[in-house]
Amino acid sequence: MNNHAIQINDTTLRDGEQSAGIAFNIEEKIAIATLIDSIGVQELEVGIPAMGQDEAESIKIIANLGLNAKLLGWNRANLSDIQASIDCDLERVHISVPVSDIQIAAKFGNQRQLVLDRLRDAINFACDRGLSVSVGGEDSSRADESFLLDVAQLVQEWGAFRFRFCDTVGILDPVTTYSKVRQLVSHLSIPVEMHMHNDFGLATANTLAGIKAGARSVNTTVNGIGERAGNAALEEVLMALKCIYKIETGIDTKRLVELSQLVAKATNYRVPPWKAIVGENAFAHESDIHAHGVLQNPDTYEPFAPEDVGCKRRFVIGKHSGRHLLLSVLQKYGITLSSAEIKSVLDAVRHHSVQIKRSLTIEELLSLIPQGSQLITDR
Ligand SMILES: [Zn+2]
């Protein structure tokens, strides 16, 4: 593993907001940008300045918040887009061009040379105005590999500081990602950035494969929001880097749950309970075998401590719970039960949780305890 520094370039406010059905207002954008910045993310893609006046105004406000992170605007390869970024007071621009034949046919009439001409002009325009320029190959994963390499090498020559490898349609797997990114990295001196979509649920895995292949920057979104099935999730990439690859990014992961909830509220979409890292079930234990193990030693069934992401461990009583967990929960209420009572309470818990199709609240559990059981010592 190449233990180089990995830079996070979070695009919650650009690709994330492009999700169908999501629209942030300016207060939400400011709150999200400020929190992501405060945990130490190094770079934020804050929107598309050419999208219109409202978008441009909010980007300009964010650009003038005095954040520590570098801010980037997303542009097509045309001069008016770049000018719109300049007008928003941005000092970094990302310029995206299609690189696969299927995209070039649809957008540039099949003319690869036209793509290159427009890109060169846009880079020159931006560099002449003192901007730092990142370039992205849209649909890099389906591009002809030699053309992709030509584009990347040319943009390096023309002054771009980074090349973004985009799996725009999310069709890669980690093995293929590794070999494609390795090829780019080995022929470029500028860093490669990963931009992975999650159409097959592989965005985070592919991002990690790209890092193994030598990519030094990654695009993420909070909760993995984004076009269609979304992007690589910030919280997944950060915790995988930290716990699996032992790479320190310098980012404070203890506020990831808080950040996840802020973005969930702004998107008006609840985080699924099984969402990796930040879902409400990520540290919930109901089954007796797991709960018993975790009560002995949390490492038995938890990959890292919940506090590392600002979460709390929860034990819940439900259909799969057994004696150990029940007694442990009731102990907190000063309740002990006889063996016969334990069996009858567990039977009642199972019956009730199937009926209500969830685990029980503590009040529901206590209502199943036989009268007179409280504060009776073990019999
Ligand atoms: Zn994207």
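Which side chains meet in a salt bridge at 3.9 Å, N to O? Those of Lys29 and Glu17. A salt bridge here is a side-chain nitrogen of Lys or Arg within 4 Å of a carboxyl oxygen of Asp or Glu.

Before I go on, the source. This is a predicted model, in which local features need pLDDT of at least 70 and side-chain atom pairs count only at pLDDT 80 or more, while totals for chains, interfaces and linings use all residues. Residues are numbered from 1 along each chain as its sequence is written, and side-chain values use heavy atoms, with hydrogens and water left out.

Back to the salt bridges. The rule gives a count of 24. Lys29 sits in helix α2 (residues 26-38) and Glu17 in the loop between α1 (12-16) and α2, so their pair ties together parts 12 residues apart in sequence. Helices (H or I, at least four residues) and strands (E, at least two) are DSSP runs, numbered from the N terminus. Lys29 is buried, at 3% relative accessible area, and Glu17 is buried too, at 13%. Buried means under 20% relative accessible area, exposed over 50%, and partly exposed in between, with a 1.4 Å probe and protein chains only.

A second bridge joins the side chains of Arg92 and Glu43, at 2.9 Å, N to O. Arg92 belongs to strand β4 (residues 92-98) and Glu43 to strand β2 (residues 43-47), so this pair ties together parts 49 residues apart in sequence. Arg92 counts as buried at 15% relative accessibility, and Glu43 at 0%.

The zinc ion is coordinated by Asp15 (OD), His195 (NE2) and His197 (NE2), at 1.9 to 2.1 Å. Donors are N, O and S atoms within 2.8 Å of the metal (3.2 Å for Na, K and Ca); water is not among the atoms, so sites may look incomplete. The sequence spacing of the donor residues is D-x179-H-x1-H, and both His195 and His197 are buried.

Next, the end of strand β5 (residues 132-138), where Glu138 is placed. Glu138 is buried at 18% relative accessibility. Its contacts, leaving aside neighbours within four places in sequence, include Val99 and Cys166; contact means heavy atoms within 4.5 Å. Ser140, in the loop between β5 and α7 (145-158), also touches Val99 and Cys166, among others. Ser140 is buried, with 1% relative accessible area. Asp139 and Arg142 form a salt bridge at 3.0 Å, N to O; Asp139 is buried at 0%, whereas Arg142 is partly exposed at 38%.

Finally, the domains. The assignment, automatic or from a database, gives domain 1 (7-267) and domain 2 (284-375). Their C-alpha centres are 44 Å apart. The area buried between them is about 510 Å², with 65% from carbon and sulfur atoms. Met239, Lys254 and Val257 of domain 1 lose the most area to domain 2, together 72% of what that side buries. Buried area is the accessible area (1.4 Å probe) that two parts lose on being put together, summed over both. In contacts, 7 residues of domain 1 meet 6 of domain 2. Across this interface the rule finds 0 salt bridges.
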